[in-house]
Amino acid sequence: MKLEDIDKSCVPVHVAIIMDGNGRWAQKQSHKRIFGHQHAMTAVRQAVEAAVASGVKYLTLYTFSTENWNRPQDEIDGLMELLIKAVNDETKTLMDNNVRLQTIGDIGRIPERSRKTLLGCIETTAHNTAMTLVLALSYSARWETAEALRTIAKEAAEGRLAPKDITEDTLRNYLATKDYPDPDLLIRTGGELRISNFLLWQMAYTEFYFTDLLWPDFRHEHFYEAIVDYQHRQRRFGKTGDQVQSR
């Protein structure tokens, strides 16, 4: 699939990706799992470039979940070191593509050196305008929801928020993603058919695209293929097909 195959009049505003298959990719080549994570950076770079070229405004990558802290310590340590290297190596790519970096998640759990590197890149890219790249780091949707509910409960207990006034929009405004639109499209690589505690509230009406391709093999053309597939769907948001077509 090529960029020219995309209808630029109906590109998803926000694409989210679950980057699955790094460990299996490495194991197929008789390497340790960290080898797959290292080679995944090429796929990240290509996804970012393809998203910018397509006209996507927000790209969220599920980079490290709260559940990933339960992985073997040597793999966690390797991932944190890789985060530093990736941010240092890719800052120029972000600047060249006019991409702003942001994060969601409990980044206070991330080692200080990794966090400082990350925050430095966020500051460097703060004024870029072509696209916002959001890294979900130490993130899970249940963690996010619990954090939001704790804050809402605290404000209600202090009399600053009346329970009768709590709406869907109230909760939305306390989520980590309050500054971003909900994803229009989710891409998951690796052949798994689940969303793994990722943006559960936000993906109520997201279109899903699953592929057996392992993440380190993901390239521009695979991103374009997902966009074209999305463009052949009718998004109804609870309405009938006839209602949508009459708009």
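How many bridges join E2 to E4? Seven do, and the two strands run parallel; strands here, like helices, are DSSP runs numbered from the N terminus (at least two residues in E for a strand, at least four in H or I for a helix). Everything in this passage comes from a predicted model, with local features needing pLDDT of at least 70, side-chain atom pairs counting only at pLDDT 80 or more, and totals for chains, interfaces and linings using all residues. Residues are numbered from 1 along each chain as its sequence is written, and side-chain values use heavy atoms, with hydrogens and water left out.

Back to E2 (58-65). Tyr58 stands opposite Thr132 in E4. Strand E1 (residues 14-18) also pairs with E2, in the parallel sense and over five bridges; pairing takes at least two DSSP bridges between two strands. Val15 has Leu59 of E2 as its bridge partner. E2 is mostly covered, with seven of its eight residues buried, where buried means under 20% relative accessible area, exposed over 50%, and partly exposed in between (1.4 Å probe, protein chains only).

Val15 and Leu59 turn up again in the largest nonpolar core, which has 47 residues; they are among the members that touch the most others, as are Ile17, Leu133, Ile187, Trp215 and Phe223. Such a core is a set of buried Ala, Val, Leu, Ile, Met, Phe, Trp, Tyr and Cys residues joined through side-chain atoms within 4.5 Å. Helix H2 (residues 33-54) gives the most to this core, with eight residues. Apart from it lies another core, of 14 residues, including Tyr58 and Leu199.

Leu199 sits in the loop between strand E5 (185-188) and strand E6 (207-210). Its phi is near 50°, a positive value in a residue other than glycine, and at 2% relative accessibility Leu199 counts as buried. Asn98, in the loop between H3 and strand E3 (99-104), also has a positive phi, near 60°. Asn98 counts as partly exposed because its relative accessibility is 27%.

Then there is the largest pocket, with about 900 Å³ of space. A pocket is an open set of points on a 1 Å grid over the protein atoms alone, where a 1.4 Å probe fits, with protein on both sides within 12 Å along at least five of seven lines; lining residues have an atom within 4 Å of a point. Of the 40 lining residues, Met19, Asn22, Tyr62, Thr63 and Phe64 are the closest to the centre. H3 gives the most to the lining, with nine residues.

Note on methods:
Grid points are joined across faces, edges and corners, and a volume is the space filled by probe spheres set on the points.
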